[in-house]
Amino acid sequence: MKRFPWLTMRKKTAPELPYEPPIWLGNKSNGEYFQAATPEDRAIRKLILEKCDENARRLGMDRRHFSRARWG
């Protein structure tokens with residue numbers, strides 16, 4: 001049984017979905033209170049995504065599969 005079958009249900013020609021780290025580091029809101037992302041949050045998110053891409057390339061894997069293998 002596949003854990004995430006919807007990842008392979010898309011067409012190959014469809015544009016790739018944006019990728020995000022498993023921990024949300026962007027703007028947050030509960031409908032009543034809004035908290036904007038801090039510069040530190042944006043820097044951490046950018047570093048996580050860069051390292052993920054770098055390590056996936058080094059291992060010869062797709063970035064999305066690398067992220068899923070590490071955090072999924």
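Modeller: Start with the outward side. P39, E40, K46, R57 and R58 are the exposed residues on the face of α1 turned away from its buried side. Two terms need their cut-offs. Buried means under 20% relative accessible area, exposed means over 50%, and partly exposed lies in between (1.4 Å probe, protein chains only). Helices (H or I, at least four residues) and strands (E, at least two) are DSSP runs, numbered from the N terminus.

A word on the source. This is a predicted model, in which local features need pLDDT of at least 70 and side-chain atom pairs count only at pLDDT 80 or more, while totals for chains, interfaces and linings use all residues. Residues are numbered from 1 along each chain as its sequence is written, and side-chain values use heavy atoms, leaving out hydrogens and water.

Now the helix itself. α1 holds 21 residues. From its first C-alpha to its last it reaches 30 Å, close to the expected 30 Å at 1.5 Å a residue. That expected span is 1.5 Å times one less than the number of residues. After α1 comes G60, with a positive phi near 75°.

Turn to the other side. D41, L49, C52 and A56 are buried in α1. Seen down the helix axis, the buried residues fall within an arc of 65°, so they line one face of α1. The arc is taken from the directions that run from the helix axis to the C-beta atoms.

D41 deserves a stop. This residue sits in α1, which covers residues 39-59. Its relative accessibility is 16%, so D41 counts as buried. Setting aside neighbours within four places in sequence, D41 is in contact (heavy atoms within 4.5 Å) with L25 and K28. With K28, D41 also forms a salt bridge, the closest N and O atoms being 4.0 Å apart. Strand β1 (residues 28-29) holds K28, so the pair ties together parts that are 13 residues apart in sequence. K28 itself is partly exposed, at 32% relative accessibility.

A salt bridge here is a side-chain nitrogen of Lys or Arg within 4 Å of a carboxyl oxygen of Asp or Glu. The structure holds 3 of them.

Another joins K51 and E54, at 3.9 Å from N to O. These two are 3 residues apart in α1, about one helical turn. Both ends are partly exposed: K51 has a relative accessible area of 40%, and E54 has 44%.

R57 and D53 also pair up, at 3.2 Å from N to O. They lie 4 residues apart in α1, again about one turn of the helix. R57 is exposed at 62%, while D53 is partly exposed at 24%.

Now step back to the chain. It contains 2 helices and 2 strands, and from the N terminus on the elements run β-β-α-α. Of its 72 residues, 15% are buried. Among contacts between residues at least 6 apart in sequence, 42% join residues at least 24 apart. The accessible surface comes to about 6400 Å², and carbon and sulfur atoms own 57% of that. These areas come from the Shrake-Rupley method with a 1.4 Å probe; for residues, only the protein chains shown count as cover.
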